[in-house]
Amino acid sequence: LEFMSSHNTGRGRYAAHFDGDGQLLMGCHDGIRVYTDDYEKPIKTIRASHVTSVGSLGSKSHHIYIQHSEDERTLRKLSVDTETSADLFKFQLPGNRAANATASTECAVAFGKESLVVYSLLHKTISTVPLRYQPKNVRFDAGGYLLIASYSGLHKYTVDKRGSLTLIWKCKDVSGAAGIAFTKYGDIVVASFKDKEVYIISPQGLSCKCLAARITVNLYGADSIF
């Protein structure tokens with residue numbers, strides 16, 4: 001890991017995302033701050049309240065983000081170029097837990113209490129998928145597979161157009177999985193909020209202990225690092 005930059009946001013910073021143009025979008029208490037490759041100061045701030053997740057939506061200029069309010073969360077579609085946004089759907093998540101969202105070419109996914117909320121971008125329909133565990137993070141990989149981080153490990157699923165999930169594998173070696181990112185080789189990088197370490201896992205999820213590369217870092221708020 002190579003240190004690049006740091007930013008003082010004044011108050012809460014909940015999410016960070018690099019878009020297809022190499023811009024850094026940072027979800028904060030007062031909105032989304034957009035940085036270019038010099039990272040010195042934001043080129044713009046798109047005003048919103050308590051943005052806990054930021055991700056891409058199909059094209060370089062369109063994104064999704066979650067706006068947090070009491071027990072309700074709102075998933076919104078954003079155009080960075082025009083600084084305009086529109087609601088996709090609302091869902092319940094009690095307490096102050098930060099929700100995360102991700103999107104493929106077919107659907108957008110967020111998590112609630114021991115469940116997923118799946119929104120079909122084609123049919124404009126919403127379905128709720130119950131789970132037997134509480135997600136900490138969700139990400140689609142380059143192949144369109146859904147990865148879910150939870151206290152019990154990392155889960156990889158296929159998702160059909162109706163929002164049904166089929167488990168491909170589960171890696172139990174990452175206890176307290178939270179943040180999810182990817183290398184350019186397709187490996188999965190997972191931050192653990194339990195042992196404050198980073199794991200690198202193969203796309204097949206096989207022999208995770210042998211493949212795991214542990215790097216001790218300060219992961220305060222690890223669920224919002226990746």
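The chain has a mean pLDDT of 82, and 87% of its residues reach 70 or more; pLDDT is the predictor's confidence in each residue, from 0 to 100. This is a predicted model, in which local features need pLDDT of at least 70 and side-chain atom pairs count only at pLDDT 80 or more, while totals for chains, interfaces and linings use all residues. Residues are numbered from 1 along each chain as its sequence is written, and side-chain values use heavy atoms, with hydrogens and water left out.

Confidence in the chain is highest in S14, at 95, and lowest in helix H1 (residues 208-211), at a mean of 41. Helices (H or I, at least four residues) and strands (E, at least two) are DSSP runs, numbered from the N terminus. Over residues 207-226 pLDDT stays under 50, and the model has 53 contacts beyond four places in sequence for them; a contact means heavy atoms within 4.5 Å.

Four strands form an open sheet in the order S13-S14-S15-S16, with antiparallel pairing. Strands S13 (135-140) and S16 (165-171) stand at the edges with a single partner strand each, so one side of each is left without a neighbour in the sheet. Two strands pair if DSSP finds at least two bridges between them. Strand S14 (residues 146-150) is joined to strand S15 (residues 153-159) by five bridges, and Ala149 stands opposite Leu154 in S15.

A search of the whole structure finds three aromatic pairs. Rings of Phe, Tyr and Trp (its six-membered ring) pair if their centres lie within 6.5 Å; planes under 30 degrees apart count as stacked, over 60 as edge-to-face and the rest as tilted. Two of the pairs are listed here.

| Pair | Centre to centre | Angle between planes |
|---|---|---|
| Phe89 and Tyr119 | 5.7 Å | 35 degrees, tilted |
| Tyr151 and Phe193 | 5.8 Å | 50 degrees, tilted |

Phe89 lies in strand S8 (residues 84-92) and Tyr119 in strand S11 (residues 115-120), 30 residues apart. Phe89 is buried, with a relative accessible area of 4%, and Tyr119 is buried at 7%. Buried means under 20% relative accessible area, exposed over 50%, and partly exposed in between (1.4 Å probe, protein chains only). Ring pairs link Phe89, Phe91 and Tyr119 into a cluster.

Tyr151 is partly exposed at 48%, as is Phe193 at 25%. The charged end of Lys136 sits over the ring of Phe193, 4.7 Å from its centre. Such a charge is counted if NZ of Lys or CZ of Arg is within 6 Å of the ring centre and within 35 degrees of the ring normal.
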